[in-house]
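Morning, everyone. I have one structure to go through today, and I will take it piece by piece. Let me put it on the screen.

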Amino acid sequence: MAEVLSALSKKLVSGHYGPAGDAGIRLSGRRLRGLWQLAGWANFETAAASALEALGLSTIGTFQSAQATQIACAWRIAPDKLLVESAHDLGAFNSQDLAVLNLSHAREAIILSGPAARDLLSQLIAIDVSPAAFRRGAFLQTGIHHVGVLIHCVEETDFEILVPTTWAESGWEVLLENALPFGLEVHSNA
Amino acid sequence: MRRLNAGGRIDRTKPLSVTFEGRALPAYQGDTLASAMLAGSVSLAGRSFKYHRPRGVFSAGVEEPGALVHLREGDRHEPNVRATTTEAFDGLVSTAQNAWPSLTADIGAMNNILSPVLSAGFYYKTFIGPFRNSTRFWMMCEAFIRKAAGMGRATTLEDPDRYEKRNAFCDVLVIGGGAAGLSAALAAGRAGAQVILVEQDFELGGAILSDPVGAPGDAWLSRVKEELASLPNVRILLRTTAFGAYDGGTYGLVERVSDHLKTPQSGQIRQRYWLVHAGRAVLATGALERPLVFAGNDRPGVMLAGAVRTYLNRFAVLAGQNVLLATNNDTAYSTAAELSRAGAFVTLADLRADPPDDALAIAKDAGVTVLTGHGVLKAIGRKRVTSAVITPVDERGRAAGSTRKVPADLIAMSGGWSPVVHLWSQLYRKPQYDAHAVCFVPCQESEHHLQPAGTAFAAATLDEVIAQGFNRGIEAARASGSTGEAGDPPPPFEAGPFWQKNQSPVWATRKADGSLAGKAFVDFQHDVQLSDIDQAHLEGYVSVEHLKRYTTTGMATDQGKLSNVNALARMAELRGLSIPDVGTTTFRPPYTPVSIGAIVGHEHGRHFRPTRLSPIHHWHMDNGARMTEAGAWMRPWFYPQADEDLQAAYIREAAHVRQNVGMIDVSTLGKIAVQGPDAAEFLNRVYVNGWKTLAIGRLRYGAMLREDGFVMDDGATARLGEWDYFMSTTTANAAKVLAFSEHLLQTAWKDLKVHVTSVTDQWAAIALAGPSSRALLNSVTDADLSREALPNNHVTRAHIGDVAVRVHRMSYSGELAYEIYIPAGYGQHVWETLHAAGQAHNLKPYGTEAMGALRIEKGHVAGPEIEGRTTLKDLGLEGLASSKKPFVGSVLRKRPVLTDPDRPTLIGLEIEGDGGAKPGSLLFQAKAEAKGHGEGWVSSTTYSPALGKNIALAFLKNGKARLGETVRVVNFVGGETLSARVVSHHFFDPEGERQNG
Amino acid sequence: MIRINCPVCGLRNETEFTYGADATVNRPALDEQETGPWLDYVFNRDNPRGWHKEYWHHVQGCRQWLVLERNTLTHEIRGCRLAREAGE
């Protein structure tokens, strides 16, 4: 079987970087289980109903809030677009009223965590990422170094950053540069 | 000048090693470089900008125009550093700048003698003057002027330090940590708002720090600091300057994290650039003292009176023994008394004939001699003042009586105070002139996000300062929804002089005839004399904004801090107007200089911009490819064998493709999924050709125009399903085409049910080209690739090994060719599979340079041809356009200027001789003079291995009709002329037999 | 710094957006054959001092085109809607 090569394969090398002592930042990466875009038009929610049901979701959700189930995580990225991480093949739901697009190879997840994770984010994006403003379960679509990314607050100090595959290495290096002063641990496995 | 034995806010237990010009200075923790210089009796700190006049320490803060020095050595060397704001640290090394061969014997001081020709407008006049037609002469002058003018010398070594950017959000930003700012932060903090308090100094306190140690302010300060420290919602940033105020409550700050250390500690950054988004901000920036204008007011030993007081009380430095204080208001009286008590001999010359009794009493009690109705006419002494000419003056400040010379080693002057309105002015707000306070004051607009308080708002008493700060703090907190109890403001205390009282509007001392007794400066930093203002007026300048640019007053680091009011006052005088009628200039960021490093942060070197890598990138790197940048992408340029250079490699690679088979990574092509029931209609509208008939499993080349009728992009689009299309764009235009499509679909074409999504990252793509490509691909796939099953411009799904891929049969090289689309994570695997199987077919990878050669041989257009100024007809693609349907640009492409038959059109050139042509060369008729823009230009060039000659794509006026003609190809940049024969741009296999085979 | 309240993403800095076009001009009908309306659409613009409507693209965000009401003199913004919902 051909193996999927992670865009971060050269970067996910475990080690401690920056000043010695407790690391403020931990970085690792994760291959997505599968990533799909569901897009519709005026009757989007109806058109998406059966796909949502298969994922254990009841609605298309609201902007800036992720919906997670056992088998999927869904982000409402635009009025008529849903981005879904799931191992299920959603291609079968493609229809005249619901455009399904496989993006499984188009994004990688960089996992950012640690006590200084929010400080690091505040160096990269001009958005209030204080715990009160960016809560668990919330997500942001924004730009890091002029590249569009999606940042999901998974836990209080754990964030997943979905980055375009072809920018993953460059984006990783930007994170690494900014993270060094905090002390940094890289984990090859999430 | 000397250090006093006691007093000051310095830590005498911590002596520091500090040098200036190699000389050790007596410095302690808590000193600035300037206070150490004064304590070490350094009078001469540097030379001025234009006239190279000797200059000394003039102020005790950010307004410093004189003591600008070189700080540090080697790669950390920094020019134009204000000694007055440079915190002393152990190991500080500083030198003088703008002086050659030495500070004391500076040759550039000749400019001082030449000053009549270097006066206002010198640069303008020289640029547009009698030599305006002589570029060479002016370039020679410029080289001299650049060397003579300017200030410090920057290092050319790479900056070794790290910088950082950070965004912050708060309810209330308080700018300034003096009494007003502290009160504001306290109120807002108590109310529960998220507060950021910034102070440019390394200590909080502002003017309180200039009061003697143990004065009532100290207790007040420590109580307030203690309470602020107990509020977790208040963040205090010391050594941090708010240098810019921008729209939307955004402020730029620079925090000097480790500038007070010899070098940053391991892992520590040097400076941090904060972008703060504040609900409200309080402008508690205080006030700056203004100089008086008299001859020699720039001499070393002439200082601002408030600065003299700061050096005395904060740093325990007596800046002169024999002090002449010149004033037009009451504040200098307390200073005079304090200096006298510290042991100086003090004479006070007051321009006012009738100072108030309480002021006179203060002086008298301290043994200060007061000369009322007197002014300083001239300061004497070259590298240090030695004496001054003083004179009785009339109510306009003109000499009215006999002058006399008095000895003085320090002339301290007070022309009143100016609120620091810079950030407020940066927001395009005009301060108003307050004739009573004799200064420009910001206006209070209740809804504005920046609210002035304290002396920045001309608060004259400490009660007002504290009350204003406290109230602005509460209001700002309330505006953000904070409802906590703010309590009472901290009680006022008895403070030293910080604001003018009873100020006279007279600001200059002149001779009886109204002339000056020598050079008198308004802008010390830019060497602008009072006479320059006069000259500008004589030459007809009336607008203050023009005056500023013509004389350069208030430009550069001064930003009007010291110069503004005096320059405006003179302009008003000359025009017979009041100061408010003349108005004031607009200040712009930054308030004080900011290092570029802080603004750049990490975005330099390889992080100057984002880099995109193909999913197959590391194979190229591991296999010796030479890479090239294509926009944000890295692409294989060529794969050298042995010691091949570019030329040898691409010729070999291109020839190999035509004879055998080659593979190239084309993952960088823009790829857009076009989905929805109206996808065909959408394509029909954005492409010039028709799409309604394209069957599933077919692909088609298309070109699209901009709205103005010029060609925007081209590429192939495949139909993958009933409602699914796969559009490819050029690497360079992918983002533009996507954004343009989204715009049309979300604005004018909202009725179309179509979604467009970038899938560039989803797919790796490999082009396999050459006569053996089918055989090679057959050996690794299960798909039927026969001519009948997969003709040119068809698509099929296939497997390579166990990887599901899509094979598009299409050709860019003109050979039998396939593009294979692979889910990105399998890209490298499939590349390696093909590469291994390819060894039996003599497969070689090729790079972008060979790809360029192949497409030029075929006459395919690319970026150099689709460059935004060419039409379908120019490109020979007019046959593509459908006449049966409207499409983007279909009407405007028929504008007369775009259909002019004389427009240069695409042709091929066969270049004579061994050397190729350079892109950008201009085309001329064989016998015409090579002058002007010619009849066309060369766009792309290559050596053609298939033809065995140098060829080029070019645009030539009426080109289609000129095949066979010989033209001259002139490269004006390289100074080279070649001959070339005009031919069809389809150089190779014009019938396309090879690709359809 | 212009701050734009994107209906999808919330309040963001202008650096995430690109300016697109004047939103007061309407694209002529697809089948418009006269040159004049197209010239007006592509080239002719008012340059108002004060309130103006503009298209901005949230290109580093939800990728939606927005119609902003922006004051060209003060940079104040008093309205921001999805372009697809504007004018309906």
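The interface comes first: 18 residues of chain B are in contact with 21 residues of chain C. Keep in mind that this is a predicted model. Which element of chain B gives the largest share of the side that touches chain C? That is helix α20 of chain B, residues 734-746, with four residues. By class, the chain B side has seven charged residues, six nonpolar and five polar.

Next, a helix pair within chain B. Helix α21, residues 773-780, packs against helix α22, residues 827-838, at an angle of about 115 degrees, and the axes are 10 Å apart. On α21(B), the residues making the contact are B:Leu776, B:Ser779 and B:Val780. On α22(B), they are B:Thr833, B:Leu834, B:Ala837 and B:Gly838. How many charged residues does the contact of α21(B) with α22(B) have? It has no charged residues; four are nonpolar and three are polar. As for handedness, α21(B) passes α22(B) in a right-handed crossing.

Last, a hairpin, also in chain B. Strand β12 covers residues 240-246, and six of its seven residues are buried. β12(B) pairs with strand β13 of chain B, residues 250-256, in the antiparallel sense, over six bridges. To pick out one bridge, B:Ala245 has B:Tyr251 in β13(B) as its partner. Three residues lie between the two strands of the hairpin, and in that turn B:Gly248 has a positive phi of about 70 degrees.

That is what I have; I will take questions now.

Methods:
Residues numbered from 1 in each chain as written. Chains lettered and ligands numbered in written order. Predicted model: local features only at pLDDT ≥ 70, side-chain atom pairs only at ≥ 80, totals over all residues. Contact = placed C-beta atoms within 7 Å. Nonpolar A, V, L, I, M, F, W, Y, C, P; charged D, E, K, R; others polar. Axes fitted to C-alpha atoms, helices over the stretch in contact; angles between N-to-C directions. Left-handed = near helix turned anticlockwise from the far one by under 90°. Buried ≥ 20, exposed ≤ 12 C-beta atoms within 10 Å, placed from the backbone. Pairing = 2+ DSSP bridges.
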